[in-house]
Amino acid sequence: MKINNFKDFKIKSNALKYWALLLFFISNIYLIQAQDSIVITNHIFDNQIKNQIFKYPIAYTNQNIKDFTFTEVSYEHQQNEFARKQIANEVNTYQFLAQGHFTTKSKWKLFGDFSIRKIEEKNVGWVLSEDRSEDQEVIMPHYFFVPRKADWQNQVYRVSGGFSKEITNHLSIAFKGDYGAEKYSRTLDPRPQITNRKLSGEIQIGYQITANQKAFVLGNYAQNIKDYVYTYNNKSLNFEAYPETYLRFNAGYGRILNYFKSNQEGYKFTYEELTDKIGLGYTFSNKNTILTALYYNQNSNTIFYTSVFNLQEYERMKLDTKINHAELFAFHKWNKKEIKSTLKFDKSEARNFDVKNNGYNYKNALKTVNWLTTISKKTRSNIDYLFGLDVIYKQNQYNDIMAITDIEINSLNTGIFGSRDFAFKKSKLNTAVSFNMYFPLPSSKLEYYDTSGGSSATFFNEVIINDYVVSTTNYFSPALRLEYSYPVKNNKTVVFYTNLKEKLALKKQNDYNAIINTNTTYWIQCGVQLNY
Amino acid sequence: MQSCSNNEDKALKPVSFSISVKYDETFNNQITKSSSVTIVNNETGNKYTVKSDDNGLAQFNQILPGTYSVSATKIMQSAEFSDTFGYTPTETEINFNGSQSGLLVNNLTVTVNIVMKTSKVGDFVIKQIHYGGSDTQKGASIRDQFIEIYNNSNTVQYADGLYIAQLYGSYATTVFTYTLANGQYDWSKSAEMTIGDKANTDYVYASNIFVIPGDGTKYPVQPGKSLVLAQSAINHKSNYMDNSGKSVSILNPELTLDLSNADFEAFLGTFLGDTYQYDIQNPAVPDLGIAYWGNKNKDMILDTNGRQGYAIIKMTNTDFAALKKYKNPKGDATLYLQVPNSAIVDGVDTTKDLGAGFIPKKLATQIDGGTTYLPSGFFSSKSVIRKTKTTIAGRIILQDTNNSSNDFVEITANPRGFN
C-alpha cells in the first residue's frame, strides 16, 4: 500500500488549513475526563451512536462522552462484476481519516473529522459526471456521457467540525461546519475535469424542558459549486460518426440529447446546488437511556448553467429535490449489555425542470425505511457478543417523462450480523460477520415508450435494461471483518483491520432476456488505525 | 425564455401539432398535397418525417417539446404540375422547398405554416464539397480541400465566368439584438443597409468569390461531367516542398487525395502579393480568378466545421461589379459582398451538426431547403456529395431537389466520384 501517493494531490483546498486550526484549538485546551456515560469505540457497530453524536450534537450536550481520536490509513480494492453500468469495473481507494470528540473543562464539546481520499477508477463508461450508480439505482439527470470506458483519477478532501455547549440551564447550542473539495478527471477522450467546492453550516438550538427532556430545532444551509470543463485531445472524436466518443447530455433518464453548447468560449459549464434544511427533535436521556426523535425537511436546487457564470439567463436545467426525514434512535444499557436501535424513514421527491421548454421532464419518488438494531454485551472494552439486524425497505419510482421510461423498483434488503472479541494477554482480535440478502419485490416494473423517432435507443438497451435487471436480481452478500488491536504507550491502541465482502448474484426476478454479468463482485479493505 | 415558477410543477408532454404546407403567391397560395415534411430536433437530432395530406397538413404526433428545424420538399412531375396549376411547365420535374428554423414546439404549438417556393433547377450544380480536410498529422489537413461542380443537364454547358462563392453568416443559433430569431444575422441592421428585410430574404453575403476564367466558350463541360476546383492542385499523397522550402511529409497517403489533375486551383499569391506557405502553384492547372476577397485568408480555405455556405453564381461582369459590400450587423471590420438570390444557380448550406453545433441557414428556402454536414466531422477525409438519382444512356443525373438535407450524403472524398 503506497500511502505516499497522497502527496500527488493537486486540489487547491483550504481544508488542511481549517483542520490545522481545529487541531491547534483542541490541543491548547485542557481536556477533562468526567464520569463517562457514553464510550465510543472504533468498532464499526459503534458508528450508530457516533453518527448520532456528530449529526445531532445538540442532543448530547449534557452527556458525558469519553474523548476519542481515531486516525487511520486504509486501502480498498473493489472489483465490480455483478453491477450496474455507470460504475467502474475496478476501484482502488487510498484513504486517510481522522476523527475525534473532546470535552473541555468548561464543557465545550468539540468534534470533527478530516479525510483525504484518492480514488482510482478503471473502465467507467456511460457517465462523465462524478455520479456513480453504485448506491443509486438511477443516477440523477444533468450529466454528460459517452459509452466509451476510461479510467478516472479522483481526489476528495473533506473537513468538518463543530462544537456544542449548554449556554444556560435550559438553553444549549451546537454548530457544525463542513467543507469539501473534490476533483475528478478522466484520462481518455472526452476528458472532463470536475471540481466541486462544498460548504455547509448547521446550527442546532436546544431547550431543556426537564432534567431528562430536551426539545431542539436545527437549520442548515449548504452550497455546492461545480465547475465542469471537458476537453478532447483528439477533437475529431466528438462527431456523431463516432458514437463511442460523441458527447451527449442527459437531461432526464434515458433521453439522449446532444450536448448543450457553452455560452462562453470553450466547453465550460457550472452547476450550483443550494440546500436548506430545517428540523426539530426531542430527546430523552438519563444515565442509562437515550431516546431521540427528530424530523427534518430538506430542499435542494441544482441549477445547470450553460456558462461559467451562474446568471439567470444561462439557466438551462433545474433539479429540485425535497426530502422529508424522520428518525428515531434509542440507546439503553443495563448491567454490561447495550441495545442500540435506529429507525429511519426518508421520503424524497425530485423533479428536473427544463427551463427552455418550460416544464419538468423527469421525476423520481424514493421512499426508504431503515431499521438497524444491535444488542451487545461488553466486559470493560471487550465485546462478549454482539448481534444485529439491518432491514432496508425501498419503494422507488423513476419517471422520464419524455423518453418515456417508467421504472419502479421495490426491494427489501435484510442483514444479520454478529461480532465477538477474542482477548489475548495484551491484545485482542475482533471478528465480525454479516450476511445480507437483497430481494427485489414483484411489484417492480420497467416500461418504455420510444419517442426518439427511432434514432437512438442505445442508452435504453445498454444502460437502462441492464441496470433494471441488476436491480431486480436477488443477491447474497456475506462480509467478514477482522480487527487486531494492540495497546501501545500512553493509552494508545494500534489497530490492524481488514474487511472482505462479496456480492453474489442469485435469481433473476424479471422477464428481460438481457444478459448481465453475474460474476461475483467483491471488496477488500485493509487499514491501520491509531486510537486513543 | 426564462422559467415561470408556476410551471415548475408542470410536466412536459409529447406534443401533437400540424404543419400546413402551401405554395407561395406565385401559385396562388394553393395547398401542397403529398409533400415530404421533416422536422429535426436541434438538441436531440431526432428526425420525424410526415407526408402532407389532401388538405396540405402534415400531422405530427407525440413529438418531444423543443426547438426544431423544419424542411418540406415537393417533387412534382410535369403532369402533376399541369393538373395542379393548369399550365405546362418547361421542365420535366419541378422542385418546391420550404423551411423554417428555430420552431419552438410546446403545448402552445398548434399549426405551423410553411410556404413552398421553387426556383429553376440549375444546369450546373454543386456536386461535392470537401471542406473537412484530412488528418492534420497524417494527412494533408486543410490543403486537400476542393469543390466540385457538375453539369446535371443534358446539354453542354460552358463554365466560363461562373462565380463560386463561399457564403458567410452567423456561426451560432444564439440570439442577439443584431440577429434574427434563428440566430442568423439580421443584415437589415448592417451599417448603410437601406433595403430593410429584403437584405435578409433576397440576398446572401459572400466572404470570398472565385470566378472561372474564359471568354464564354473556353471551358465546355459535357453532360454528366464535372470541374474540380482545388485549393492546391497537387498530389497530396506525395511528399513535397512547400513555398518556404520546408519538406511536407505525408505519413498516411490513404487519408488524402491526388488533386494534381484538378481542373482549376485557387492561387492567391499573385492577388495578395504574398504567397502562403502551402499555396503551391501547379503550372499545369489553370488558376481560378479572384472576383472578391473579403476576409484575410491566404488561400481557398473552406471552414472545416461546416459553418459556410456555397453557391454557384451566374451574372455579367458589369452586374457583378455593381454589387455592394457590407459589414455584418455586429459591426466587425470585414466587408461581405451582397449577392442577389436571383443570380444563384445552385447553393448548399452546411452546418457542423444538427444539434449543439447547428449553423443557421444562409440560403433562401427555394435555393436550399435544408442543410448538409459531415457526421464524421472535420479532418476525417470525408466530403459531402450529391446523391445519384438515376442514369440515362450512361449519363448520371444527380438528385437536385434544392434541399441539401435530402440531396447530399457523406462519402470518403473522391473527386469526380459518385456515391
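I began with burial in chain A: of its 532 residues, 36% count as buried (20 or more other C-beta atoms within 10 Å of a residue's own, with C-beta atoms placed from the backbone). This is a predicted model, where local features need pLDDT of at least 70, side-chain atom pairs count only at pLDDT 80 or more, and totals for chains, interfaces and linings use all residues. Residues are numbered from 1 along each chain as its sequence is written, while chains are lettered from A and ligands numbered from 1 in the order in which they are written.

Next I checked confidence. Chain A has a mean pLDDT (the predictor's confidence in each residue, from 0 to 100) of 88, and 90% of its residues reach 70 or more. Over residues 1-35 of chain A, pLDDT stays under 50. A friendly reminder to myself: where pLDDT is low, the predicted coordinates should not be read in detail.

Then I turned to a sheet in chain B. Strand 14 (residues 226-230) of chain B pairs with strand 17 of chain B in the parallel sense over 2 bridges (pairing takes at least two DSSP bridges). I noted B:Glu265 as the bridge partner of B:Ala230.

Last, I looked up B:Ile385, in strand 23 (residues 382-386) of chain B. B:Ile385 is buried, with 26 other C-beta atoms within 10 Å.

Terms used
Two residues are in contact if their C-beta atoms, placed from the backbone, lie within 7 Å. Helices (H or I, at least four residues) and strands (E, at least two) are DSSP runs, numbered from the N terminus. A residue is buried if 20 or more other C-beta atoms lie within 10 Å of its own, exposed if 12 or fewer, and partly exposed in between; C-beta atoms are placed from the backbone.
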